[in-house]
Structure formats: structure tokens, C-alpha cells
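Here's a protein chain to explore together. Have a look at the model first, then read on.

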Amino acid sequence: MAKRLFGTNGVRGIINEDMTSELGLRLGKAIGEFFGGSVAIASDTRVSGDMIKSAVSAGLMAVGCRVLDLGTIPTPAIQYFVKTHDHVSGGVMITASHNPPEFNGIKCIAADGTELHRSDEEQIERKYEEDVPCKPWSEVGTRDEVLGAADSYVDAIVSLVDSEKIRSANLVAVLDCANGASYYTAPLLLSKLNVRAITINANPQGEFPGHPSEPTEENLATLIEITKYANANIGIAHDGDADRTVFITDQGKFVSGDKSLALMAEMAVSKKGGGKVVTPVSSSSMVEDVVVRAGGEVIYTAVGSPVVARKMIDTDAIFGGEENGGLIFPEQQYCRDGAMTAAKMLEYIAKNGSLQDGIDSLPAYFTDKRKLECPAEKREALMEHLKGINASRRTDSTDGLKIIYPDGWALLRPSGTEQIFRIYSEAKDAETAEKRGAYYEDIVKDFLKTRKT
């Protein structure tokens with residue numbers, strides 16, 4: 001069996017340690033052999049982006065592919081380009097999303113704009129192990145720079161929301177691009193929607209000097225302060241590759257991803273008069289509460305946006321997303337889309353008023369999130385240990401182990417992108433959620449400390 005390279009969101013690693021130009025070249029050949037024809041490629045703003053993109057491009061050309069270099073754009077922008085160009089057989093995004101600047105990654109995109117199915121990734125992994133031979137000199141591929149992908153992506157989003165309603169609302173937004181891939185597209189989108197933008201961290205600086213690229217409440221302290229001080233209608237923050245968006249309310253309150261997911265799900269179901277919403281088992285129970293209240297149905301999946309997207313396609317769902325701010329609007333495309341999420345939230349405010357009022361209308365749940373370092377070789381034994389401890393309780397093994405309580409749940413699972421173990425717990429009150437999280441954290445710590453393998 002070929003060595004597994006792809007995690008839940010591509011191949012990732014630390015530059016010049018496990019993510020090297022040699023790996024990029026060899027993986028580029030494997031990807032090129034799988035796709036063939038014309039392959040689009042793009043990167044976020046990371047310092048190492050040119051190095052890895054050049055290596056992957058060289059591998060693609062070595063096996064005869066025509067490389068279409070879209071430059072530095074958000075992940076959903078290259079996905080939209082691939083989806084809307086029939087002659088393009090696939091795409092490659094060079095990004096490590098929210099990971100620190102020393103990381104980078106390689107994410108593959110199918111011809112329909114979705115992230116590759118796991119079975120396709122396995123084919124690429126097998127080709128990587130075989131080390132695909134290069135074409136003779138007369139059959140090597142070419143590389144072309146392609147302009148305009150970012151603009152076409154933004155125009156498509158503007159056409160899919162009630163742009164006139166947004167324009168006439170005269171909204172003010174504070175925008176934090178994390179010095180990432182949205183540095184151009186996000187300000188452009190707000191301009192086209194007549195939203196006055198106060199913009200911070202909008203320079204393509206791949207060491208992320210403004211704050212780490214993960215849009216957490218702690219990292220967005222400046223955005224929160226400015227949103228409140230400026231009396232803005234909303235604060236908008238993207239992660240490094242802009243496939244996710246989190247928000248700050250008009251009162252300067254951080255909106256957790258599960259709350260924006262619930263609000264957008266309720267809006268989608270209410271507009272359609274019903275329909276299916278797809279979300280992972282890690283999402284808050286408030287999502288199901290509001291979807292059912294609006295006449296819809298929730299379908300749960302394993303964690304990971306490709307899993308959610310494919311389940312949406314299979315079930316003809318009207319909306320989907322994850323609790324980390326990665327929302328999927330099928331009218332645009334079946335992938336997490338940060339700019340589309342921002343535009344839809346602006347539409348919500350233009351039609352319904354204060355974002356804070358909308359958040360306050362949601363059912364009250366409290367979530368506790370923890371993560372611990374966990375070596376890959378201990379994951380399987382740890383999960384068996386946790387299943388044994390909870391054998392008498394109601395559980396769900398869709399992804400990791402979800403323990404169902406009368407007033408909430410706990411979800412225990414290893415990360416698909418890092419050597420960490422995640423512990424999520426939810427309850428109707430903060431104290432219970434925290435106690436459950438601490439209980440399982442102690443169990444995991446004790447196991448990792450005492451178990452050698």
C-alpha cells in the first residue's frame with residue numbers, strides 16, 4: 001500500500017523539512033500523470049509559495065501538462081476557475097490555510113472545482129511511490145500566466161446575492177485579510193457591493209506579520225476593537241487562503257463559526273421553504289435546532305470540507321458547512337468559500353438589520369475546545385481506549401468518537417492535518433462543557449503519558 005500523503009485538506013508540512021522542493025517535483029509529476037492536459041495552479045501569500053509552486057509546476061510540465069498559473073488568489077477562486085473552464089482537467093492550490101507561516105501545502109482540485117475524492121488521492125499517492133517517468137524533450141509541457149481569475153470569481157459572487165439590497169443599505173465593514181490571499185479579492189468585493197471598507201492586514205506578506213492566519217478571537221483583537229470603535233455594521237476576517245470567514249458583530253462581539261453556520265443555514269432553509277443542510281458531527285446542536293425550526297433537515301458527516309461537499313452533491317443539499325467558518329453555497333460552488341460567505345452575511349444584515357440581534361436569536365449552547373499533541377503512532381490505541389471507557393454510553397463513530405449526553409455531547413478525534421488530538425464538548429451551560437472537556441483531556445493526557453506505543 002502506498003504511503004498516505006494527503007490529510008483532510010491536502011498535503012502539508014514544514015518547509016524544507018517535510019515539505020520540500022523535491023517532494024513538490026515528484027508529487028507534481030504524480031498529479032500531472034493523474035490529471036493530464038491543462039492544469040491550473042495558484043498559491044496564497046506564504047513566503048515559500050513560489051518555491052513549492054515552481055516545483056509542482058516543473059513536475060506537471062515534466063509529464064506533459066500545460067500549466068495555467070493564476071498567481072496569488074484565494075483557494076475558492078482557483079476552484080471557481082477550474083469549475084468554469086471545461087478545458088481544464090484539474091487544479092493545484094499551494095496553501096497551508098490557517099497553519100503557521102513555516103508550513104505550506106499542496107491541495108488538488110477536481111475538474112468540477114471540488115477537492116479530490118479520497119480514492120483519487122490514493123491514485124496520486126500510488127503514482128508518487130512509483131515515481132512517474134518524465135516525457136521526452138519534445139513532449140514536455142508549457143506554463144502560461146493567466147490573468148483575471150480573481151475578478152471573474154468576485155463578479156460571480158456579486159451576481160448571486162441581492163447586490164442592490166446590499167448597495168442601498170450603505171453598510172460599513174471592517175475587513176481583516178490576515179495579509180493572506182484575500183488581500184485583493186475581499187476589498188474588491190466590498191467595493192462592488194458599495195460597502196465602505198476599513199481595511200487592515202491587506203498586504204500580501206506571507207509571514208503574517210499582523211497576526212497568525214487562524215481567525216480566532218484572540219488573533220482578531222485589533223479587528224474587534226476597530227469594529228466597535230468605528231460603529232461598523234460588521235467585522236469580517238479571512239484565514240490565509242480565504243476559504244473561511246468569521247465575523248464580528250456591530251457591538252464588537254466575536255461570532256463563533258458555529259453561530260454564523262447556524263444563521264446562514266436558517267436563512268437558506270427559510271428562503272427555500274425547507275431542504276437538506278450538511279455539516280460534520282463537530283457542529284453545534286444549535287445548527288440542527290434552527291434548521292428543523294425553519295422546516296429543514298440536517299445530515300451529519302465526518303469532519304472535512306471535501307466530505308461535506310460530496311455529501312451535499314449526493315443529497316442535493318441546499319447548504320452546508322463546518323463550524324470553523326467554512327461555509328458552502330452550492331449556487332456558487334461545492335467548496336468552502338470565504339468571499340461568498342461574507343457577501344451572504346452582508347445580504348443578511350441588509351435585509352434583517354443588526355448582526356448582533358440575529359446572533360442573540362439563536363439557541364444557547366456552549367462549546368469547549370481543546371487540543372493536545374498526539375504522535376500518529378498512538379492514535380489508534382488511544383481511540384480504542386476511549387471507546388472502551390464509553391462502552392456503556394450512546395456514541396457515534398462517524399468521525400472519531402462522539403459521546404451523546406442528554407444535554408450535549410463530547411467529540412474526541414485526531415486531527416487530519418497535524419499531530420494533535422482534538423477534544424470538543426458542548427452543553428447548555430459553559431461550566432458543564434468545560435468540565436467535560438477537562439475530564440477527557442485528563443484521560444488523553446494520562447494515556448499518552450503512560451502508553452509507550
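What follows is a short tour of the cores, a sheet with its helices, and some charged pairs.

This is a predicted model, so keep the ground rules in mind: local features need pLDDT of at least 70, side-chain atom pairs count only at pLDDT 80 or more, and totals for chains, interfaces and linings use all residues. Residues are numbered from 1 along each chain as its sequence is written, and side-chain values use heavy atoms, with hydrogens and water left out.

**The cores**

Let's start on the inside. A nonpolar core is a set of buried Ala, Val, Leu, Ile, Met, Phe, Trp, Tyr and Cys residues joined through side-chain atoms within 4.5 Å. "Buried" means under 20% relative accessible area, "exposed" means over 50%, and "partly exposed" is in between (1.4 Å probe, protein chains only). The largest nonpolar core has 67 residues, and the members touching the most others are I78, L193, I234, F319 and L355. Which helix gives the most to this core? That's helix α12 (residues 338-352), with nine residues. Helices (H or I, at least four residues) and strands (E, at least two) are DSSP runs, numbered from the N terminus.

Zoom in on L193: leaving aside residues up to four places away in sequence, L193 touches V158, V161, S163, I166, R167, A343 and L346. Contact here means heavy atoms within 4.5 Å. There's also a second, separate core of 28 residues, with M19, I41, I52 and V67 among them.

**A sheet and its helices**

Next, find the open sheet of six strands, in the order β1-β5-β4-β2-β3-β6, with mixed pairing. Two strands pair if DSSP finds at least two bridges between them. β1 (11-14) and β6 (143-145) each have a single partner strand, so one side of each has no neighbour in the sheet. On average, neighbouring strands are turned by 20° against each other, direction ignored. Strands β4 (residues 88-94) and β5 (residues 103-109) pair in the antiparallel sense over four bridges; V92 has C108 in β5 as its bridge partner.

Helix α1 (residues 21-35) packs on this sheet, touching β1, β2 (38-43), β4 and β5, and its direction makes about 5° with that of β5. Helix α2 (residues 49-62) lies across β2, β3 (66-72), β4, β5 and β6, and runs at about 170° to β2. For these angles, axes are lines fitted to C-alpha atoms (for helices over the stretch in contact), and angles run from 0 to 180 degrees between N-to-C directions.

**Charged pairs**

A salt bridge is a side-chain nitrogen of Lys or Arg within 4 Å of a carboxyl oxygen of Asp or Glu. By this rule there are 27 salt bridges. Here are three of them:

| Pair | Closest N and O atoms |
|---|---|
| R118 and E121 | 3.4 Å |
| R293 and E266 | 2.9 Å |

R118 and E121 both lie in helix α4 (residues 118-130), three residues apart. R118 counts as partly exposed at 23% relative accessibility, while E121 counts as buried at 9%. E384 and K387 are likewise three residues apart, in helix α14 (residues 379-389). An α-helix has 3.6 residues a turn, so residues three or four places apart point the same way.

Finally, look for K53, D69, R143 and E145, which are linked in a network of salt bridges.
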